[in-house]
Amino acid sequence: MNGFNLSRSIRTRQLLQVRRMRKITEFEPRIIAFTCNWCAYSAADIAGISRFHYPANVRNIKVMCTGMIDPGYILRAFERGADGVLVAGCEIGDCHYISGNIKAKERVERLKKLLHILGLEDERLRLEWIDAGDGRKFADTIENMAGKLKKLGPSPFKKEVKS
Amino acid sequence: MSDVRIGIFVCHCGKNIGGVINVPEVTEYAKTLPDVVYAEHNLYTCSAEGISSIRQKISEHKLNRVVVASCTPRTHETLFRNACEAAGLNKYLFEFVNIRDQCSWVHMQEPEKATEKARDLIRMGVAKARLLEPLEEVEIRVTPSCLVIGGGVAGMSAALNLANQGFEVYLVERDKELGGLLLNLNRLFTINGKAEEVIIPLIERVKNHQKIKVHTSTEVKGVAGFIGNFDVTLDQKGEERKIKVGTIIVATGAEVLKPVGQYGYGDKSNILTQLELEERLNKGMGDEQNIVMINCVGARIPERPYCGRICCMVAIKNAVLIKENDPRAKVWVLHRDLMTYGTEFEKYYQKAMEKGIRFIRYSLDKPPEIVGNNKVKAVKVYHQLMGKEMVLPCDMLVLTTPLIPHEDNQDISRMLRVSLSEHGFFLEAHLKLQPVEFATDGIYICGCARWPTDVPEAISQACAASAKAVIPMRRGYVRPEAITASVNEDKCSGCGTCVLLCPYNAIELQSKDGKKLAHITTAQCKGCGTCGAACPSGAISMNHFRDEEILAQVEALVI
Amino acid sequence: MNNSVLIIGGGIAGIQAAIDSANMGFQVCLVEKSPSIGGRMAQLDKTFPTNDCAMCILAPKMIEAGQHANIKLLTYSEVLSVEGEVGKFKAKIKKKARSVDEEKCTGCGICIEKCPWKADSEFDAGMGKRKAIYVPFPQAIPNVPVIDREHCAYFLKGKCRACERFCEAGAINYDQEDEIIEVEAKAIILATGFDLYDPTPLREYGYGRIQNVITAMEYERLSSASGPTAGELKRPSDGKIVSDIAFIQCVGSRDVRSNRYCSSVCCMYGTKEAILAYEHRPGTKSTIFYIDLRAVGKRFQEYIQRAEDEYNITYIRGRPGNIELNRRNQNPTIWYEDTTTGETKSLEVELAILCQALIPPRDIQKTASILSIELDEYGFVKTPDGLSHPVDTTRAGILACGCVHSPKDIPDSVVQASAAAARAAEILSGGT
Amino acid sequence: MTLEDIIKETKTYYCLECGKCSSLCPISRHNPSYSPRLMLEKALTGFEGDLINDQELFSCLTCYNCSLKCPADVDYPLFMQKVRTLAFAQGRYGVPADSGILQSFMRLMLNPAIEQRRLEWLSDEYRISEKGNILFFVGCAPYFEFAFEDFEAGALNIAKDSLKILNTLGIEPMVLADEKCCGHDLLWTGDVESFRKLAEHNARIIKESGAKKIIFSCPEGYRTFKFDYPHYVDLDCELQHITEFLAENMGKGMLDFKEVKKKVTYQDPCRLGRHLGVYEQPRKLIEAIPGIELIEMEHTRDESICCGTSAWTNCDAYSKQIRTERLLEAKATGAEMLITACPKCQIHFRCAMVSKGEEKGPDVEMDVMDIVNLVASALEDNGSE
């Protein structure tokens with residue numbers, strides 16, 4: 001019995017060590033979020049005000065409207081080592097500029113098709129509509145995306161960048 | 001780039017940031033970033049001390065870019081921008097980095113990661129700040145006069161409100177006389193006063209007002225220009241006239257649907273519309289004892305799905321007048337829902353019930369039928385709530401029809417470059433918060449041209465449209481968004497993609513040196529950037545959000 | 001303080017009137033009795049018929065009003081008296097003690113975090129809690145907390161002072177006193193909006209007795225992402241997420257026993273709330289009981305049509321008689337007659353929502369006597385002739401807009417707000 | 001009176017056709033062919049013949065459940081009363097219970113040649129006065145006593161116990177030997193002419209008696225005197241239900257109750273409750289008796305459910321369903337006894353417990369007692385005998 005206990009404690013220790021190791025080198029995805037000034041950026045603030053915690057993997061870039069996001073920005077983010085890109089704007093019908101988000105939707109969808117051909121996982125580019133008051137959704141979106149990206153591992157484009 | 005001098009102010013926000021993020025370390029890090037010549041941290045950057053420090057350090061260190069890393073621009077950007085301006089720095093050379101709401105508050109349990117994120121965010125902010133350019137807020141002079149199109153109750157009310165505030169008004173009416181639809185009405189609900197007692201004095205006041213120039217039998221033939229400077233061509237029976245106005249109010253009203261072919265209207269002599277009944281009531285009714293009214297004729301049907309909003313009240317009003325005229329008369333109102341919304345209308349409906357007017361609900365699948373050859377003798381109706389067919393004797397059948405948009409709304413919308421909704425009425429900029437404004441600055445809408453309204457609603461909207469029109473005229477200038485799109489004419493291929501995309505009709509193709517080039521009317525641009533994102537030539541850029549500014553942020557993601 | 005226009009009430013109508021007047025170049029003093037501007041609209045989840053989020057479109061207006069150079073905000077304040085006449089009104093305004101120094105407060109929120117005392121949140125219609133020191137909602141303008149002295153341990157028992165201890169800005173001031181401010185104004189715009197009918201007296205509907213019978217405003221907060229359940233439609237009795245609900249129209253409206261008038265907006269907000277329920281949980285079944293479906297605005301009929309076609313919403317013409325409780329599962333059972341078939345039936349649902357009437361503000365009599373204006377038989381502000389001066393009151397120089405005149409929807413309130421600003425400008429220019 | 005007059009008098013024209021009445025109606029919930037709203041619709045659309053010939057015209061319990069909650073303030077029971085008058089004039093009176101014997105008795109009473117022997121039950125045990133201010137209205141009790149002998153409803157006991165209690169309080173009321181039925185049931189079945197005659201007779205003899213105050217043990221009599229008589233006769237008397245009178249005089253120390261260990265529940269009679277608004281006094285009285293625990297039913301006070309029949313008409317399967325449900329509700333409280341304050345409630349409930357050759361339904365057996373009997377049984381014997 002003693003032997004069993006001993007062996008288990010050794011194994012536990014080993015496991016812990018492994019975990020600690022892994023923790024150090026654990027992959028932390030980087031997400032670039034292009035957030036619309038009127039909705040998603042505000043939602044991110046509300047998440048803060050409400051203290052909805054989410055993983056620290058995201059870096060927001062504020063834009064006036066998702067309609068102004070040139071697909072080139074998104075591609076550049078991937079080129080520069082982003083593991084995921086989030087485009088977050090107003091619900092359809094809520095656009096501060098009438099219809100910018102509809103155009104964003106068309107563009108992102110087209111880009112997704114292209115990235116798909118390129119072999120990029122679908123989860124890496126995400127389009128979300130987040131109401132100005134919906135801090136919960138912003139936090140959940142980041143948490144969910146970070147989780148998925150962790151499982152996916154580093155972006156395939158990253159290697160090239162580093163080399 | 002060497003002459004860029006950036007100063008950074010990192011805020012502790014008490015413990016809100018400082019309790020999570022290692023602010024001194026971040027500040028030290030900020031000093032290592034390119035072009036940063038100064039960095040400090042404050043307990044509260046937004047406090048009086050913090051603000052004076054920004055102003056002081058701008059002059060002390062000859063800063064020409066300022067970055068504040070603190071809470072959120074949504075609440076504090078104006079404050080810091082003003083601080084910069086006060087120190088003589090163009091306010092668009094300020095950049096905000098959000099390390100509280102979007103960092104310390106959401107990553108409290110991970111101070112190290114939060115600190116790392118703060119470093120990243122500041123690095124990205126600085127990357128953008130290096131590229132910031134000063135923006136000028138241009139001022140466009142506004143001619144203090146307004147063109148009001150339509151001389152009904154809405155148009156005249158708007159004109160009077162404007163004129164009483166001292167602005168020149170050109171009131172253009174297509175018909176020979178002012179007055180619009182009200183000229184044909186008998187009495188007005190809910191006060192039951194004579195329509196002429198309302199409209200005639202209004203016409204007099206308008207005609208006698210020094211500041212109002214009335215143009216009857218006149219149409220607007222052309223409109224060019226933009227807010228503050230519209231060039232308008234009026235056409236009075238072939239005679240053209242040009243005027244210059246700063247703002248335009250559309251108050252062209254609507255017309256009553258003539259239900260030709262429905263329920264025998266047009267064939268049978270004793271069928272009227274409510275509008276025709278008004279005339280009869282005005283002149284004096286005959287000896288009709290049995291009056292049947294059918295509501296929703298031509299409304300709430302697949303071809304015309306909307307509800308006419310005021311038709312129920314029109315029918316009830318006329319029913320009440322018939323009853324008051326002859327209490328022995330039997331009046332039946334066949335309806336599909338009684339739209340007596342609000343306090344006064346519901347009370348009026350109760351009054352009608354007291355008078356003995358009877359209401360029968362019918363459904364669209366079993367519409368009423370008429371009986372009789374040359375004249376309607378009776379109306380057959382399936383009483384939906386009794387599940388039973390009734391035959392009502394009928395001496396006079398009155399059809400309640402909705403207001404419909406004028407046919408020439410199309411032409412006006414094209415001329416003014418404003419939109420129509422699917423129903424053919426004019427489309428406001430935002431259904432809820434901008435109900436009397438068009439997406440195009442300087443042009444406003446009120447009354448039945450927008451949607452059927454009763455008289456008080458039309459007057460409210462007229463005043464509201466006037467409020468919007470006087471704002472730029474009182475100020476004398478407009479300062480359009482500084483954050484707008486601009487065209488690099490060397491790159492523009494004149495493809496026109498942007499023209500189609502712009503939700504504000506702010507872009508058009510203009511000929512220049514034999515080339516077609518996109519031209520942006522800055523006064524009309526709201527800065528959404530949709531055009532820039534779509535421009536295949538990269539010729540359009542959005543001030544303050546130029547490609548290189550955003551890409552610099554992206555680039556800064558990885559060191 | 002000398003202001004050209006005094007605006008009473010900081011809801012969407014008051015805010016819009018203030019912004020318009022200020023943009024015309026007038027000095028505006030905007031008085032709001034609660035700690036933040038925003039009013040009823042701020043409490044709404046989304047708005048019909050576009051379903052856009054209320055806060056998304058309201059917050060920018062609030063910020064604009066809060067930062068406008070021509071607008072002086074007096075929140076947590078009420079008008080005590082008004083003297084003088086058009087062109088030279090003098091108002092005395094009580095600025096209630098916030099117990100927080102507005103100049104020093106940075107809005108960091110640490111005081112709220114540390115405060116150990118709780119009270120029912122007015123903003124959440126009593127469905128959630130707030131602290132004794134609080135801002136009503138995250139987007140509040142001004143973003144300065146207030147101590148609710150009726151729930152603060154320091155004021156009740158003389159000890160705690162947690163907020164003071166943690167406030168690094170030193171903004172907490174327990175000794176702050178009510179302040180009387182005098183304001184001069186040439187015109188006054190009344191925009192105090194409406195209150196909501198409390199359906200408790202209509203005992204047949206079981207409000208207060210049956211837990212899963214709630215009001216529409218309570219539903220709004222449940223449905224709202226910023227609400228007490230973070231937008232989950234959890235019913236009060238057991239927290240179960242509901243998928244079968246019913247809405248009852250005309251609760252407190254079109255009823256001699258409460259208010260005889262029609263509240264104008266309930267058919268539409270009921271429909272909106274049913275649509276939101278479906279959006280929260282696709283497949284959710286809603287039943288709406290109505291008498292006349294008053295969908296008279298732009299795109300309202302289409303909204304109703306979509307509700308039926310796409311959102312599993314059934315409209316039944318009939319005003320329910322009563323609601324009974326199924327004790328086994330806490331479900332409300334609604335008794336009604338389907339008037340189109342003449343059948344008397346019952347319907348058991350998981351949650352019943354009472355579409356409560358809009359009533360005049362509870363303090364309207366006081367307001368009316370301070371302003372010397374007349375009210376109609378229901379307590380709404382009377383217009384001088386019932387026709388051609390829709391935003392005037394019976395007293396020259398005092399205008400009114402929004403629901404304080406009669407119940408109306410957001411666009412109509414916004415229209416009236418701008419109209420009132422225009423009328424004020426007309427008066428200030430020497431017109432009539 | 002024309003149908004249009006009725007519409008005006010009962011404010012039927014305000015009807016919003018919302019159906020709230022029908023959904024609250026205990027009959028409509030069981031009987032699919034009856035809807036108060038549809039009755040009103042017929043009137044509003046002028047289908048007078050349909051209305052008068054409607055099979056269900058006499059189904060309404062006139063219980064006021066609908067009107068009390070009517071958003072348009074339509075007085076539906078009054079509408080029924082008036083429309084039934086039109087119907088009666090055309091020889092329509094629904095399907096009377098017990099072959100209409102009760103209505104017949106009331107009409108027979110009108111004959112001036114009749115000399116009733118209605119006070120034979122009055123023994124020396126009870127002290128009454130020849131002259132005085134207070135009159136006790138006995139009403140139909142003597143007739144009910146024998147008409148419903150098989151249910152042991154004991155209508156006369158209510159009269160007797162009323163006198164016993166009044167005597168305990170030191171009151172010796174007048175009781176009139178030539179009193180006639182108040183006419184309630186005739187009025188509500190449309191026989192206005194007979195009703196008028198009964199009213200005139202009663203008013204005359206009461207005036208002659210010099211009474212200033214009339215006490216009723218029957219809520220129907222009370223209601224009829226209070227609301228209906230004034231339209232036909234001139235009678236200036238204070239009127240009270242015995243529970244009101246007792247609740248008012250209870251505190252004077254003259255009513256000593258002994259302990260009655262019982263759980264009871266209370267049925268608000270429609271007339272006493274919704275018609276007259278007397279909800280609290282009976283409860284106050286019941287709770288004054290030591291040892292009694294009063295448990296309320298699910299539907300109580302103004303929401304309470306009718307015993308299922310009114311004015312001895314259309315007593316059918318739906319009536320039975322209603323009272324069966326009501327009895328089950330009473331039993332569900334765990335009470336041992338159902339207390340009511342109207343002799344008719346008691347008769348109808350007892351009737352429901354007798355299943356005449358039907359299949360055995362749910363067990364609705366329960367003690368039913370009038371509040372007057374309960375109070376009398378709780379009185380301490382003060383040794384006067």
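Reader: How many salt bridges does the rule find across the interface of chain B and chain D?
Author: The model is predicted. A salt bridge is a side-chain nitrogen of Lys or Arg within 4 Å of a carboxyl oxygen of Asp or Glu. In one, Glu4(D) pairs with Arg358(B), N to O at 3.1 Å. Across the interface of chain B and chain D, the count is two salt bridges.

Reader: How are residues numbered and chains lettered, and what pLDDT do local features need?
Author: Residues count from 1 along each chain as its sequence is written, while chains are lettered from A and ligands numbered from 1 in the order written. Side-chain values use heavy atoms, without hydrogens and water; totals for chains, interfaces and linings use all residues, side-chain atom pairs count only at pLDDT 80 or more, and local features need pLDDT of at least 70.

Reader: What area is buried between chain B and chain D?
Author: Contact means heavy atoms within 4.5 Å. By that rule, 15 residues of chain B touch 16 residues of chain D. Buried area is the accessible area (1.4 Å probe) that two parts lose on being put together, summed over both. Carbon and sulfur atoms give 56% of the total, which is about 1300 Å².

Reader: Which element gives the largest share of the side of chain B that touches chain D?
Author: Helices (H or I, at least four residues) and strands (E, at least two) are DSSP runs, numbered from the N terminus. Strand 19 (358-361) and strand 22 (388-393) of chain B are among the elements that give two or more residues to this side. The largest share is five residues, and it comes from helix 10 of chain B.

Reader: How far apart are the C-alpha centres of domain 2 and domain 3 of chain C?
Author: Domain bounds come from an automatic or database domain assignment. Domain 2 of chain C covers 110-166, and domain 3 covers 197-358. Five residues of domain 2 are in contact with seven residues of domain 3. Their C-alpha centres are separated by 32 Å.

Reader: Which residues of domain 2 of chain C lose the most area to domain 3 of chain C?
Author: These two domains bury about 540 Å² between them, 73% of it on carbon and sulfur atoms. Three residues together make up 77% of what the domain 2 side buries: Asp124(C), Ala125(C) and Met127(C).

Reader: Which residue forms a salt bridge with Asp124(C)?
Author: The interface of domain 2 and domain 3 of chain C has one salt bridge. Its closest N and O atoms are 2.8 Å apart, and the partner of Asp124(C) is Arg221(C).

Reader: What percentage of the residues in chain A is buried?
Author: Chain A has six helices and four strands. Buried means under 20% relative accessible area, exposed over 50%, partly exposed in between (1.4 Å probe, protein chains only). Of the 163 residues in chain A, the buried share is 52%.

Reader: What is phi of Ile98(A)?
Author: Most residues other than glycine have a negative phi. Ile98(A) lies in the loop between strand 3 (84-89) and helix 4 (100-117) of chain A. Ile98(A) is partly exposed, with a relative accessible area of 37%. Its phi is positive, near 75°.

Reader: Which residue does a cis peptide bond join to Phe48(C)?
Author: Most peptide bonds are trans. Here omega is about -10°.
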